[in-house]
Each structure stands twice: as structure tokens, then as C-alpha cells.
Amino acid sequence: QHCNFKATYEVVSNDHWPQCSFYPVPCPNACGTRLQTGELNSHLTQCPLKEVECDFSHAGCTTKLPRQAMAKHMEESTQQHLLLMSATMLRIAREFEQKLQEQQSNFQSYVDQKDRQMQEMAHENEAKIKAAVEEQLLQYTKESEAKIQDLEQQIKEKVEVLQKHMVLQFEMPNFRRHMEEMDYWYSPPLYVYPGGYKFCIAVCANGLGSGTGAYLTVYLYSMRGENDSQLQWPVQSTITLQLLNQESDRDHVTMTENFEWRKPGGEREFVAYFSCQFTAHKDLGYNPQSGTCYLKNDHLLFRVAN
């Protein structure tokens, strides 16, 4: 009925039917889709009701939701994810410190042991023994340095993985009021990486300079952070800012800039403009031809990545 396979009823019923790739089945996630058995695995990779893990599961987020609900979870749980990544970074740093201390302790024990051996055997052939022990110490030192470098590389790779997930979204509400009052709106505090450089995004809805009255003007502020005394200054950082299309995950307005910031003297300090003409006011509303809508329910949605 569903394919061109022909055989006896017994063969079709017992052998072919359970594995026929053309047999129609419903989606096991009850999304309403009915498809052939051979198409089921492909469908499950994009089924909106398929339960998926949060992108931050590697950092400890245990949330599992249908794929269609995960975007809202990511938007609403930014601060929670930031805390989870900070905790993960702290745990990695502590593990590294513990392993480093163990290496140093082992090395010191080895040195002490060899020192005792040298003293005990000095009367036999002091010069020969000393040369041999020094050679062993040198070899052990090289091996220890290699292990430490390997640990540092592991930490670096884990930090890079976490930084790649440092994508933060925030909402600018009451856009029209900000336009009418011609004031400045500031985003929540953001971090280049957990426990790192602190900054925020500022938006002038009515525009400044060449963008006055017709464009959004967006710029970057550095902020006084909890760990500024432990960070290196000045710092070069590349930051990507997106104004999100709220109709679908495409055609976002994206700008990437490289900034140099100095240690802020106050609570918040201007660094540089992203652009005086970040986005034209006329392009913010719904465009049925392009399927874009950046201003929805009187709010804008931004995303920052470094």
C-alpha cells in the first residue's frame, strides 16, 4: 500500500512492515506532523516540540524544554546563565590552582628526597652524584613545566568555550517615550567574560550628530567592575552588537567594532560610538517584503557578543 515491495502476506506482515521506510507514522512528540518512517529522524532534528537541552547545560543549566520554547528561556535566563558560567569559571580556576599546588608540592618533595640522597652518598663520589642528581632535577623540572603548560592550555580552551557562549540579550522598552524625551537609555551591566571587564550599551533613540531625528545612535560605556584591580589596562576588545529582527532569527542589524578602553575613573565612563547612524527610524517597523520588524510592542531587542 505504501511502497512497491511485493511478497507473501506473511513476509510483508512479519518481516517487511516493521522496517518499511515508507510506512506513515505520527511524530512521537505529538506536533501534528504525519510522515514516512524514513523521514522521522530528519524531522526530529527540527521538530518544535522535541525536548532539547539548554545551550548552557555545559555550565550547569538543567532546563529541558520543547525546541520552540527554548528561545524564550534563553532570553529570560541571561543573568542565571551568567551566574552559572561565573561559577564554572571559578571551579575551573580552583581545580587548576589545586593541581598546580600538587605539582609544586611533588616537586619540592622530589628535591628534598634527592637532597637527602646527595648528603648520604656524598662520601662515595660527591661530584658524580651531584651531576647525576642535577640532571634528574633538570629532567623533572622540564616534565613539570610541560604538565603545567598542558594544564594552562586546558584552562584556556575551557575559557574560550565559555566565552563563545557569552551572548547576552537585553530589551529596550518604551522606545517612543525615549524618542519624545530625547534622552539616553542604558542597558543592564554586561561583562566581556565572567568576572572580567564590565560595560554597558547606551542608546539615544532620537539620534545624535549626523543621526539626529532619523537614526538610532549607539555607543559603548565602560563601567567600574568588581575585579578591575586584577585586570590589565588598557584593554583591546572586539564587541558585536545586533538589533534583532523580532519576526524571525535572520536579517539582524549587526555591527562589530574594536574598542580600546581604559580603567574607568567613575561608575560609568564613555568609551566610543558604535555608530551615530546605527539604524534608520524608517526601517524599524514591520516590512512585509523583507519580513523584518525591529520595533515591536514599543520595544527593541539587542544582543551583544564578544
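Let us begin with a single residue. Arg-262 counts as exposed, because its relative accessibility is 54% and the cut-off for exposed is over 50%. The side chain of Arg-262 meets that of Glu-260 in a salt bridge, with 3.7 Å from N to O. Glu-260 has a relative accessibility of 43%, so this residue counts as partly exposed.

Keep in mind as you read on that this is a predicted model.

## The protein as a whole

Now a step back. The protein has 306 residues, and buried residues make up 34% of them. Its secondary structure consists of 5 helices and 13 strands. The accessible surface comes to about 18,700 Å², and carbon and sulfur atoms account for 48% of that area.

How many salt bridges does the structure hold? There are 10, and the pair we started with, Arg-262 and Glu-260, is one of them. As a general point, side chains of opposite charge can pair when their charged atoms come close.

Another example sits in helix α4, which covers residues 78-164. Here Arg-91 and Glu-95 form a salt bridge of 3.0 Å, N to O. The two residues are separated by about one helical turn, because they are 4 residues apart in this helix. Arg-91 is partly exposed at 43% relative accessibility, and Glu-95 is partly exposed at 30%.

Are the two partners buried or exposed? Lys-198 is buried, with a relative accessible area of 11%, whereas Glu-226 is exposed, with 55%.

Which residue does the side chain of His-81 meet in a polar contact? The partner is the side chain of His-73, at 3.4 Å.

Leaving aside residues up to four places away in sequence, His-81 touches Cys-54, Phe-56, Cys-61, His-73 and Met-74.

## Aromatic rings

A search of the whole structure finds 14 aromatic pairs. One of them is formed by Phe-170 and Trp-185, which are stacked, with 6.0 Å from centre to centre and 25° between the planes. This pair links distant parts of the chain: Phe-170 is in strand β5 (residues 167-172) and Trp-185 is in strand β6 (residues 184-186), 15 residues apart. Both Phe-170 and Trp-185 are buried.

Phe-259 and Phe-274 make an edge-to-face pair, because their planes stand at 75°, with the ring centres 5.0 Å apart. Phe-259 lies in strand β11 (residues 253-261) and Phe-274 in strand β12 (residues 268-280), so the pair ties together parts 15 residues apart in sequence. Phe-259 counts as buried at 4% relative accessibility, and Phe-274 is buried with a relative accessible area of 4%.

There is also an aromatic cluster, made up of Tyr-184, Tyr-186, Tyr-219, Tyr-221, Phe-270 and Tyr-273. The charged end of Arg-268 sits over the ring of Tyr-186, 3.6 Å from its centre. Arg-268 also lies over the face of Tyr-221, at 6.0 Å from the ring centre.

## Backbone details to look for

Where is the cis peptide bond? It joins Trp-233 and Pro-234, with omega of about -10°. Pro-234 is found in the loop between β9 and β10.

Two residues have a positive phi although they are not glycines: Ala-30, at about 60°, and Asn-297, at about 55°. Ala-30 is in the loop between β1 (24-26) and β2 (34-36) and is exposed, with a relative accessible area of 62%. Asn-297 is in the loop between β12 and β13 (300-305) and is exposed too, with 69%.

Definitions and conventions
Residues are numbered from 1 along each chain as its sequence is written. This is a predicted model: local features need pLDDT of at least 70, side-chain atom pairs count only at pLDDT 80 or more; totals for chains, interfaces and linings use all residues. Side-chain values use heavy atoms; hydrogens and water are left out. A salt bridge is a side-chain nitrogen of Lys or Arg within 4 Å of a carboxyl oxygen of Asp or Glu. Buried means under 20% relative accessible area, exposed over 50%, partly exposed in between (1.4 Å probe, protein chains only). A polar contact is a pair of N or O atoms within 3.5 Å; within protein, one must be able to donate a hydrogen and the other to accept it, and residues adjacent in sequence count only if both atoms are side-chain atoms. Contact means heavy atoms within 4.5 Å. Rings of Phe, Tyr and Trp (its six-membered ring) pair if their centres lie within 6.5 Å; planes under 30 degrees apart count as stacked, over 60 as edge-to-face and the rest as tilted. A charge sits over a ring if NZ of Lys or CZ of Arg is within 6 Å of the ring centre and within 35 degrees of the ring normal. Accessible areas come from the Shrake-Rupley method with a 1.4 Å probe; for residues, only the protein chains shown count as cover.
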